[in-house]
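Have the structure open while you read.

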Amino acid sequence: MFDSTDFLTPVSLWKEFNCDEPLQASKIGEMRYDNIAYVEYYFSGRSTKSGRVRIYGLYVTPDDNKKHSALLYIPEITEKMSYEQINEYAKLGYSVLAVDLYGKREEGADNFTAYPEDVAYANYEQRGRHADFVETNATETSEYEWVAVCKYALKFLRSMEDVDKIGIIGVKNGANLAWQVAATEDGLSMAVMLFGAGWSAYRGINKFSDKDIEMDDERRKFIAAVDAHAYAQYVRCPILYLTATNSDSFDFDRANDTLARINPEMEYSFNYAPNFNVYLDEHCKKDIEVFLKNNFGQSDKCLAKAPKLTAEQSNSYLSFELNFEPNEVEECKVFLNEGVLDPSVRNWVSCPIKDSSRADEGEMEFEYVVNGNPEQVFAFAVVRYKGGTSVSSKLIRKKTGGILPKRANLIYSSKNGLDGITFYDKNNTNSGIFENLADCIQTVKGADGIEGVYSRYGIVSYKFGEPACKLDENSIIKLDVYNDEYCLLTLTLVAKADGENREFYYSKELGAGNIWKNIVINISEFKTIEGMGIRNFGDIFALRINSESRYAINNILLI
């Protein structure tokens, strides 16, 4: 037994845990559709002083009476069971078990995992401080109970006669649990982590800022034994890690630190979706398919090794050298951001190629001219292969010391494709986790064959967060708009202060016409819903543009 004052570690926390108690599984529902069987189960988890955890799970498997490799799907804790997300893997020929972690909901859900009264904090809506702090020891936290559910779920999969090899997939906060499972369970063929990579105790504290968290024993105990990044060095199976560069819930910079903690003798791969927030791109989806087939022994094809990116500076020029596996390469890109500390609001743009003469040998050079006066720049590379897979380099930071203090007037031009612009994926109602970029944002032709950018979800530029594009009380925003039908266009400037976002709006009605319209907006015209103007211009980090009508945007200028 642990003393309440113990500082536990990933090893000591789980050393005495076992899944020896019987599952007592009971089938509560079954359905077959499109050659897939959907079976609902309850089975028992660990015992507490008040009773046993009763776990609700959905088992989805090809309806062919054959053995299949299986996946434990650990969802985002707040999400209800989603057929859409697990169907993808059943259609690939895998059996999938998804478990409920959320517990009792105030509204909705006839079936859920029932936690005994003495661990009621495992119910998400009753979690309180147990989700982020260790008040006694790490066994009395929400995550301990959730990981224990995952361990009994693995026991359930191992008990199934139609299951062969087993892997796990964790999504968002479910991925944080998957790191713990991958580090403390033997016999897994692989683990796929989407978004979550630990550091939840540091939420809202940018890695490269001067600010730090307030540390006390409750924080230290949580970081030492619960936070997912503490488990990376103990991972016992091949890992695939995928995340979005601009997630505002999962820290891109610190995710790179988690990868650095993995034992170098352990196989792992990773890839990033540039300028995405809550979704991943189609290349990440293909990465998972190839990774599963390879580690389940169904294919010899494996993901390429991570490319290596290095940077050198000469005055205002940054030169990058990229080394990569050269076979079947479709595209190499280096993405760069100028000086934005918060990874969730970085404007990632691609660097021009300087020399591709040695591409067949796995080496390319890129060059970028720094526009503003940043103290540092951030960069990473993505190498895409003809089979649809991609791999990324780790993030690098280059201290520049401030280069050429110069104001940048051009926010976006369609001449640069989609550089400097992205889609507002929080408006997307897709219940899945993957999106094809071309379906979300594209350049379209307007009057005179001139192209502009359009997204049905709304477009976003994060360039206003860069040092060279800061607004002031005299600023003017100009842009060209094409719309061949009536359009109510709304522009939103987004500010962040003390971790909270605040929005300032400007709307304009545009009549239909086969011409490009030039819109000029004084910064003073942006107001909150309550009618308040912008007071702290330094807090503005993004411009969002949206309309329910079709439109095209070009030549966004800051004057």
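Let's start with Tyr73, which counts as buried because its relative accessibility is 5% (buried is under 20% relative accessible area, exposed is over 50%, and partly exposed is in between, with a 1.4 Å probe and protein chains only). A word on ground rules: this is a predicted model, where local features need pLDDT of at least 70, side-chain atom pairs count only at pLDDT 80 or more, and totals for chains, interfaces and linings use all residues. Residues are numbered from 1 along each chain as its sequence is written, and side-chain values use heavy atoms, with hydrogens and water left out.

**Rings**

Tyr73 has a ring partner. For the pairing rule, rings of Phe, Tyr and Trp (its six-membered ring) pair if their centres lie within 6.5 Å; planes under 30 degrees apart count as stacked, over 60 as edge-to-face and the rest as tilted. The model holds 30 aromatic pairs by that rule. One of them is Tyr73 with Tyr89, a tilted pair with 6.4 Å between centres and 40° between planes. This pair ties together distant parts of the chain, 16 residues apart: Tyr73 sits in strand β4 (residues 68-74) and Tyr89 in helix α2 (residues 83-91). Helices here are DSSP runs (H or I, at least four residues), as are strands (E, at least two), numbered from the N terminus. Tyr89 is buried too, at 6% relative accessibility.

Now compare Tyr268 and Phe270: their ring centres are 6.2 Å apart and the planes meet at 20°, so this pair is stacked. Tyr268 is partly exposed, with 23% relative accessible area, while Phe270 is buried at 5%. Both belong to a cluster that ring pairs build from Phe252, Tyr268, Phe270, Tyr272, Phe335, Trp348 and Phe380.

A charge sits over a ring if NZ of Lys or CZ of Arg is within 6 Å of the ring centre and within 35 degrees of the ring normal. Here are two such cases:

| Charged residue | Ring | Distance to ring centre |
|---|---|---|
| Arg105 | Tyr102 | 3.8 Å |
| Lys151 | Trp14 | 5.1 Å |

**Around helix α2**

Which residues of α2 are buried? They are Gln85, Ile86, Asn87, Tyr89 and Ala90. As background, an α-helix has 3.6 residues a turn, so residues three or four places apart point the same way. Tyr83, also in α2, is partly exposed with a relative accessible area of 36%. Just past the helix, Gly93 adopts a positive phi of about 105°.

**Strands**

Two strands pair if DSSP finds at least two bridges between them. Five strands make an open, antiparallel sheet in the order β21-β25-β30-β27-β28. At its edges are β21 (422-423) and β28 (500-510), each pairing on one side only. Inside that order, β27 (residues 487-497) and β30 (residues 540-546) are joined antiparallel by six bridges, and Leu493 stands opposite Leu543 of β30.

Strand β31 is worth a look as well. Five of its seven residues are buried, leaving the strand mostly covered. Strand β20 (residues 410-412) runs antiparallel to β31 and is joined to it by two bridges, with Tyr412 opposite Ile556. Strand β26 (residues 476-483) is likewise antiparallel to β31, over five bridges; there, Ile477 has Leu558 as its bridge partner.

What phi does Asn555 take? Its phi is positive, about 50°, although Asn555 is not a glycine. This residue is in β31 (residues 552-558) and is partly exposed, with 28% relative accessible area. Asn315 also has a positive phi, about 55°, without being a glycine. Asn315 lies in the loop between β11 (308-314) and β12 (317-323) and is exposed at 65%.

Is Phe195 buried or exposed? Phe195 counts as buried, at 1% relative accessibility.
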